[in-house]
Amino acid sequence: MSVDVHAPFKKRVEQALSDPALGSAVERATRRMVAARAAAMAAVDGERLRNQTRQMKEYVLRHLPELLEELERNVKANGGHVHWAQDGEEANRIVREIALQASVKKVVKSKSMTTEEIHLNQALEATDIQVVETDLGEYIIQLAGELPSHIVAPVAHKRIEDISELFHEKLDIPSTLDPAALCAAARAALRREFFSADMGISGCNFAIAETGTVCIVTNEGNGRMVTSLPRVHVAVMGIEKLVPTVEDAILQLQALTRSATGQALSVYVSMTSGPRREDHPDGPDQFHLIILDNGRTKMLEEDYGEAMLCLRCGACLNICPVYRTVGGHAYGSTYSGPIGAVISPLLAPDKAQFKELPHASTLCSACRDVCPVKIDLPRLLLDLRADLVVEGAAPLPEKLAIRAFIKAASSRESFERAGKLASAASNALASLSGGNIHFLPPPLNAWTQSRDFPPFARTSFREWWQERMALRQRD
Amino acid sequence: MDKKTFATRPKRVALFATCMVDLIYPSVGIATTELLERQGLEVIFPLEQTCCGQPAFNAGYREEARELARRFLDVFGPMVETGQVDAVVAPSGSCVTMTSHFYPLLFQEAKQLELQRRAERLAAATFELTEFLVDVLGVKDMGARLEGRLTYHACCHLLRELGVDEQPQTLLAHVEGAELVALPDYDECCGFGGLFAVKNAPISTAMGQRKVVNLEKSGADRVALCDVSCMTHLNGLLSRQGVSCRAVHIAEVLNNQVGRLAPPEEPPAEEPEKPRRWQDVGAEQ
């Protein structure tokens, strides 16, 4: 059973938790990436790498308008086209228009979370353009009719056993657990698509402002095929995905690949600076760069610029005990894990659309400690929770309970009174089940459904203390 | 934020017991008091203290949390400012994180700069218990004894906000008679997370279950930790499932308050149905 990403949050969590295959797939994938990242960061001065990358990205955010204009100038100088898109709808419309003008029938894509964010595939398919995902993970979930569940490992929720079954059914190959055989089957199928595609669509891990270059980082080489074989290449990037110089690109590349997969360098780094020129033997005839806002400027204005430092490496997902427990689909958004819990509500027109996500964290801070740009994710989650309260998205019973709690804690007398009351009530409940409380009334039954709760003390610490002081004074 | 440094050994400390210890686990407060007194310190427990407000803050209720932050500052601030005490000590990494890290932010956000400055000053003199024992007093061996296999779970706020990790482990390493065993993923969150444990109970439980599995793998009879909140969550799971391992607060271990291991809690025996009165009547006849 898989997770229905359109179901309500509680339902999604329930589905995720009751799927043991999903649990073991996510556990395997994240454990591997956590260990690889730790080794790769230990092999260099990881702390310095993180500090430098953060400084560079902070510079980018402070100089965003100038850098974007510099990028635009240089892309144009290289013979490319630059399009600005306010939101997903506009970006999709631009891509459709480019496709229409170039009589595109088939699109091959390399992995891009930004195009997932704006649902570009659905928009193209609605106009009868065939879209083929060529990243192995994306290809698998496209065959399965699912969405990516991880920023860098889209198929983190599937075990090799599940993939084998899927390929057997969809590609008509014998069942096998040999990764090489599965890969070869996908490769054979994809090769045909590359050669017959009219347009290649890629994301952009980062663009270099000073050279007008779009960089994508892959391990399969599909990215290079997408950006060089078809007649038209369209790259889609969020406004924050850029670096000032080539030197900065090398820095970000280090931080990104070490944090994402624990590689010193990904197998491929594809750099595209415009369409093919007259002296080039191959390459696309047209190059288009779409620069997408889609809520990012709003994020900056709302003082959440910290979240815009993100490199989309996925390290926070891998380390997050919540992500590891429920996987990505339970978040019900393109972006999952701690960074997804922060940016999903911020990118949405209304934060309340994802109001459960900022609470889907224990604030354990493990994410902050692996982030290559040291984003203070727990702090951002706390800020979002505060926004949701101010914006009226918090449930009324919770509000009343918090008020009552504050009132009880606002004076010694009321605190002691509440303590006595809790002691009497909890001991009465505990006496029903011999020692510990096995049942609490709603909403606290959420605790006792799986856990006992101890009764409050009959003699509080403060009573012990006062008695002790009294005895001492008498002596 | 720099912690206060001491030119001479501190003499008097204020005990910030935390509301959970005060009302649910007084034995942890007693242990903390006695441990500090055995180090020759005078301990003062200001009776005006209540709760630090963390539940409200974590749920997003900033105004409400600020009320309790101001109150806490009124109770403990003057004690430090006037030199009545040299430090504030609490048996909790989480509550110290609230008062030390988040109070200054709360006041800064409300542009209450004087309160922010006072909160920062108080934060510099506020210590989690094991941090205070090891870093300030320079103690490693509290002279404790405990039978059985013991392990350590690092609570998140203590580890990642306060950066306290070696201190409790050093103290535990000196507990005589205890066999220290390693807990796999000892630094992974137990799944408590405050209101998270109720709001997202199924996830919280599943996360706690991983900890339970790791505790079983470790073979430990007891797992020591520095926060009673995480302790409540873990013991709630362990007791419900009839697993004999128990979480204990480190202060109780160090103060020799942890007794012999109790046999696993039996499910409550079905009470034999009492004879009805008319049956009694019949029996007498």
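Predicted model: local features only at pLDDT ≥ 70, side-chain atom pairs only at ≥ 80, totals over all residues.
Visitor: How many helices and strands does chain A have?

Guide: Helices (H or I, at least four residues) and strands (E, at least two) are DSSP runs, numbered from the N terminus. Chain A has 22 helices and 10 strands, and its C-alpha atoms fill a box of roughly 100 × 55 × 45 Å along the principal axes. A residue is buried if 20 or more other C-beta atoms lie within 10 Å of its own, exposed if 12 or fewer, and partly exposed in between, with C-beta atoms placed from the backbone; of the 475 residues of chain A, 48% count as buried.

Visitor: In what order do the six strands of the open sheet in chain A stand?

Guide: Two strands pair if DSSP finds at least two bridges between them. In chain A the order is E1-E10-E7-E4-E2-E3, with parallel pairing. Strand E1 (81–85) and strand E3 (130–133) of chain A stand at the edges with a single partner strand each, so one side of each is left without a neighbour in the sheet. The twist averages 20° from one strand to the next. Strand E2 (residues 106–109) of chain A runs parallel to E3(A) and is joined to it by four bridges, and A:Lys106 stands opposite A:Gln130 in E3(A).

Visitor: Which strands stand at the edges of the sheet of four strands?

Guide: That open sheet has the order E8-E5-E6-E9 (chain A) and mixed pairing. Its edges are strand E8 (242–243) and strand E9 (268–272) of chain A, each with a single partner strand, so one side of each lacks a neighbour in the sheet. Strand E5 (residues 206–208) of chain A and E8(A) run parallel and are joined by two bridges; the bridge partner of A:Ile208 in E8(A) is A:Val243.

Visitor: Which helix lies across these strands?

Guide: Axes are lines fitted to C-alpha atoms, for helices over the stretch in contact, and angles run from 0 to 180 degrees between N-to-C directions. Helix H12 (residues 246–260) of chain A lies across E5, strand E6 (213–218), E8 and E9 of chain A, running at about 165° to E5(A).

Visitor: How do helices H7 and H9 of chain B cross?

Guide: Angles under 35 degrees count as roughly parallel, over 145 as roughly antiparallel, 65 to 115 as roughly perpendicular and the rest as oblique. The axes of helix H7 (residues 129–136) and helix H9 (residues 166–173) of chain B come within 8 Å and cross at roughly 75°, and H7(B) and H9(B) are therefore roughly perpendicular to each other. Residues are in contact if their C-beta atoms, placed from the backbone, lie within 7 Å; among those making this contact are B:Leu133 of H7(B) and B:Leu171 of H9(B).

Visitor: Into which domains is chain B divided?

Guide: Domain bounds come from an automatic or database domain assignment, which gives domain 1 (12–136) and domain 2 (149–254) of chain B. Their C-alpha centres lie 23 Å apart, and the contact takes 26 residues from domain 1 and 21 residues from domain 2 of chain B. H7(B) gives the most to the side of domain 1 of chain B that touches domain 2 of chain B, with six residues.

Notes. Residues numbered from 1 in each chain as written. Chains lettered and ligands numbered in written order. Contact = placed C-beta atoms within 7 Å.
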